Amino acid sequence: MTQRNLLTLLIIAAVTVLSIMLVLPTVGMNEMVVVLNDDANANQIEQLKKRFPSSKYKVSVDEKTLYIEGLGLNNAVLNEVLKKDEYPFVKEAKISAHWAESALLAKRINLGLDLQGGSMLVLQADYDRMEKKMGRKLNEKDKNDITSQALDLIRNRIDAFGVSEPQIRTRGADQIELQLPGVRDPKAIKDLLGMTGTVEYRLGDHELTAKAKEAMTTLKILPPTDMAQADAAIVKISEEIKCPADKEVLFYYERDKTTNKIYPSFPIVLEKAIALAGSDIASAAPGNDDYGRLAVSFTTTAEGAQKFAEATAPKNKGRPLAIVIDNKVRSAPTINGQINAGKAVIEGSFSDDEVNILVRIIKEGALPVDLSIVEERTVGPSLGQDSINAGIKAGAVALIAISLFMIVYYKISGLIAIVGLVLNAIYALAMLSWLGFTLTLPGIAGFVLTLGVAIDANVIIYERIREEIRNGRNVRTAISMGFEHAFWTIFDSNLTTVLAALILTLVGTGAIKGYAVTLTIGIIANMFVALYVTKFVYEMIASRREIKKLSI
Amino acid sequence: MLISFISIAHMRGGINWGIDFVGGVKVVAEFEKSVTIHEIRKTLDDSGIPNSVQQVTTGDKNEFSVTGKLLKKDTTGAKTFDAIKGSLDGKFKNVQIHSNESVGPSIGNYIKNTAWKMILLCILMMTIYLAFRFEFRFSVGAMVALVHDVILSIALAGAFQVEFDIPVLAAILTIFGYSVNDTIVIFDRIRERMAAGTTLPFGELINSSINQTLSRTVITVFCTLLSVIALFFLGGEVLHGFSLVLIFGFILGAYSSIFIASPVVLWWENFIKKEEPKKA
């Protein structure tokens, strides 16, 4: 073996071993550490152990900590264990880092939501409405800034929820995409996100309110069923009562006892000026109002206390001080006396959930722009598992079919090609691990597709070698000519597929990006295998002087 | 052939746009064993929800995929989903929802725009790359074959009423890249022989090059088809449309490379030659 050949062999061996190590965090064994509450009892420990039967996992217990080892311990399982309503005695849990992760920067390949189960939500920022309110157009930069602000606030809200490894990012200038693994029913989160959270106290006007109520009946306006209708109704009523510039018409919302939803009940006229804002509130907590109903009790900042005292001063006695949440008036108690202490209660026929959400939102601040959910995709874990199985089955069958054909048609050379294919797969997986990739179902499809495309390179080379042999060249020359001529062909044809895939990566959304990335990396790995590794094998074969016939 | 397929696609109602493009709600739900597809359709019809239902049973679970058009004034898909769930829960016991996709109308527009951008970018890049690696006349031939493949694949998708969703779009874009593959192999051979100095007239050169590369073309398409057919039968319902479109695309890619790309190059060559004497 020449020195050059030895070097090549070493390089190939090194790359292969490295790749296998990079892939280990994903396909190898993982360890999950679960820490229980101090007061967890033996029964509860048994309950948790049942989730991890000894046929698949190895569980060892040390005081209040469980160490679970096995295959397939991913984020979905983590989120399952952290579910407060199923395992309330679990304090915390995490998946230990694999040694390869710290040594080689390998990362576990994540499963996309369509494979591990979870919810994906896309929120749309309502800049149209904001522009109308502000009376001017917003440029791209403004929109980007506001959307980023909203993103940070949303992230805080979701963090408090305890979802493990949520992925929250912007999509374009005015959309936010959330990926929540393991969340099967996003209703609670949707409620949380639906509240913009603007909280304002505003003084009201009895006379104009009475006129507005009249106007609604005279104009025969029906109670609005959505924001657009509400806006339209408000415009009509404002005109009718000749609402002055410093005041505006809003709707008072009440809660329907049967559906438990709030609905607009009657119009009310308030000053545009904000007497007390959410930012003036220092702290908030769930509490009760004077009648024992659920409410939010809060204390103001020093400045806020002053503002509140002014608003409730004797000159305003008898006027309503309305509480406006997200542009909906929730209550409008009449001012009876001045409040100096900077402490009060926000009341307004709230439900349990609402109070909790409100408290959290006041603490963190209101969203800078209204958001609504325009896309929602939820996949349950069983469907996810089915998809994985289907993908693996398809891949296995494709591999077997292609292998059979190659071996029958090209004999031993076919076998060499198949070994190359397997190496191809390992290298591609290694690269994906290194990138910290998220695998989706289209991603699996991309992988299976790569199998077929990868074999193309070998076919081009082999057909060329066969042709050269047919033309009478000896084996050694045939081999080298085969590879030489084939090089540019393989390069060009693979490059066009990669170009198409690259465009998909740049412009595509989540799942499609995954597909494009698997395809691209699969092809790049393939070029390496076909043009470097296989070539090396053939050079080794060709260097044996007795070679007269080639099994091809 | 192009015209015939496009007309079939039209007769079947045009492209079957998936909810990713027009908005809607798609739910995969498991029902008790006795429930039939007709009962589900009827229940939804009675509730006034325009729908299409398909059986997607895996193993012994009685699963159906229910697609509902967005109800009027539903900007987020939530109302439609509630309506569908309410209607099904009302009639059937024990309905388990395994997956839910609710897409509002605005998303569809966003995706359509993105799709167009991608397609145009692809065409542009291919043309530039081909003109760069081969001569312009080859680029023309390849592009004609490419456009032919893509249009025909889309038409076939319409004719078979394949649901056109995001994975199918990805399939179309893959065909872009792949269709040029086969064409390049043939052109590469032509170029190689031209460089080696050949006395053959252009037409015969093309012909013989195609013959020489024929075995490779056929085998490669065969192997790739093995992959995609495996995906089609075993890859699950989500990838069905995707795999079917790819099957069309790959077969067409080979066909067009052999029967369209090269003849077009020849035709273009002759066309140019006729033009030049006129200029002179």
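What covers the buried residues of α3(B)? In this predicted model, the cover includes three elements of chain B: β3 (51–55), β4 (62–68) and α4 (78–91). The helix itself runs over residues 37–46 of chain B, and its buried residues are B:Ile40, B:Thr43 and B:Leu44. They sit on the same side of α3(B), because they cover an arc of only 95° around the axis. After the helix comes B:Gly48, with a positive phi near 80°.

In α11 (residues 302–311) of chain A, the buried residues are A:Gly304, A:Phe308 and A:Ala311. Looking down the axis of α11(A), they fall within an arc of 60°, so they line one face of the helix. Their cover includes a run of strands from chain A, among them β9 (199–203), β13 (281–288) and β14 (294–300).

Now for where the two chains meet. Chain B puts 54 residues into the contact and chain A puts in 53. On the side of chain B that touches chain A, β5 (96–103), α5 (105–133), α7 (166–195) and α8 (202–234) each give two or more residues. The top contributor there is α7(B), with 14 residues. Sorted by class, this side of chain B has 29 nonpolar, 19 polar and six charged residues. A:Val379 stands opposite B:Ser99 in β5(B).

How values were computed: Residues are numbered from 1 along each chain as its sequence is written. Chains are lettered from A and ligands numbered from 1 in the order in which they are written. This is a predicted model: local features need pLDDT of at least 70, side-chain atom pairs count only at pLDDT 80 or more; totals for chains, interfaces and linings use all residues. A residue is buried if 20 or more other C-beta atoms lie within 10 Å of its own, exposed if 12 or fewer, and partly exposed in between; C-beta atoms are placed from the backbone. Helices (H or I, at least four residues) and strands (E, at least two) are DSSP runs, numbered from the N terminus. The arc is that of the directions from the helix axis to the C-beta atoms. Two residues are in contact if their C-beta atoms, placed from the backbone, lie within 7 Å. Ala, Val, Leu, Ile, Met, Phe, Trp, Tyr, Cys and Pro count as nonpolar, Asp, Glu, Lys and Arg as charged, and the others, Gly among them, as polar. Two strands pair if DSSP finds at least two bridges between them.
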